[in-house]
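Student: I would like to learn how to read the arrangement of domains and helices in a model. Could you take me through it step by step?

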Amino acid sequence: MTFVYRRSYRGRLSAAILDWAGTVVDYGCQAPASTFIEAFAGFGVPVTVAQARAPMGMAKRAHIQAITAMPEVAAAWEERHGRPATEADVDAIYERFLPLQVAMVEKHSEMIPGALDAVAAMRARGLKIGSTTGYPRAVMDVVVRAAADQGYIPDSIVCADDTPQGRPGPFPALKSLIEMSVHPVEAVVKIGDTVVDIEEGLNGGMWTIGIAVTGNEVGLSLEEWCAIPDWEQAQYRKAAKLRLAAAGAHYVVDAVADVLPILDDIEARLARGERP
Ligand SMILES: [Mg+2]
């Protein structure tokens, strides 16, 4: 056969799948970073902020495992405990982490400025709003309640323990699509503030938008961000955008409030027959 015919989706976007911490709540993704440090300190092993933030976005047990595998942390663990960290140790750190995390998210579930309006505008243009997170359900119960009190109620909430494997695999995002009865994946945009958020969307065949300034890659609270001079903000922004772009994000913006023009651009690309 000389020619084959290929189906191509030319419709509009049907859904956005939003991450939680650093994307719609918890400006600067403050809650998890300090909790990892505290949990490891409980085992006599010091962890830096940079180490605690590096695997951000993964399911929290996998995140703890990733920290223990870092050469400096692995060495510190062995020095303190006389042997390398085992799976049982990772479980023990996770057990200590969970209640600390629940207490911490109580203080860090404020909606990021502009997020509510952005979600309302996405709904107004016909998008369903799905969500995925690296938090397990026990932690999300607190965050979901706090977000609902502020007016944010997504159509689907997939937690880290709702799929056998989480990010960077596509499974949480795909589960969210199933829950919302949305297809094809080309009609979906995944929006998040970490490298594994972007990988989750790309692995699922979706469009991706990285969130640079309000998320983990800058890692500053709103007060801290506003307190630094323009040149320093520009440095932070550039580094964060580079990391998310290097992960393969189709677009990178400062905050979820900035995604609306991007949605127009994606729909124009779909209309031309492009796919993610
Ligand atoms: Mg996040």
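Tutor: Domain bounds come from an automatic or database domain assignment, and here the chain is divided into domain 1 (15-29 + 111-271) and domain 2 (31-107). This is a predicted model, in which local features need pLDDT of at least 70 and side-chain atom pairs count only at pLDDT 80 or more, while totals for chains, interfaces and linings use all residues. Residues are numbered from 1 along each chain as its sequence is written.

Student: How many Å separate the centres of domain 1 and domain 2, and how many residues are in contact?

Tutor: Taken over C-alpha atoms, the two centres are separated by 24 Å. Two residues are in contact if their C-beta atoms, placed from the backbone, lie within 7 Å, and 20 residues of domain 1 are in contact with 16 residues of domain 2. On the side of domain 1 that touches domain 2, α7 (137-149) and α9 (195-203) each supply at least two residues, the largest share, four residues, coming from α7; helices are DSSP runs (H or I, at least four residues), numbered from the N terminus.

Student: How do α5 and α7 pack?

Tutor: Two packed helices are described by the angle between their axes and the distance between the axes. Axes are lines fitted to C-alpha atoms, for helices over the stretch in contact, and angles run from 0 to 180 degrees between N-to-C directions. Helix α5 (residues 87-107) and α7 pack at an angle of about 10°, with their axes 9 Å apart. That makes α5 roughly parallel to α7, a term for angles under 35 degrees. The contact is made by L98, Q101, V102, V105 and E106 of α5 together with A138, V139, V142 and V143 of α7.

Terms used: Angles under 35 degrees count as roughly parallel, over 145 as roughly antiparallel, 65 to 115 as roughly perpendicular and the rest as oblique.
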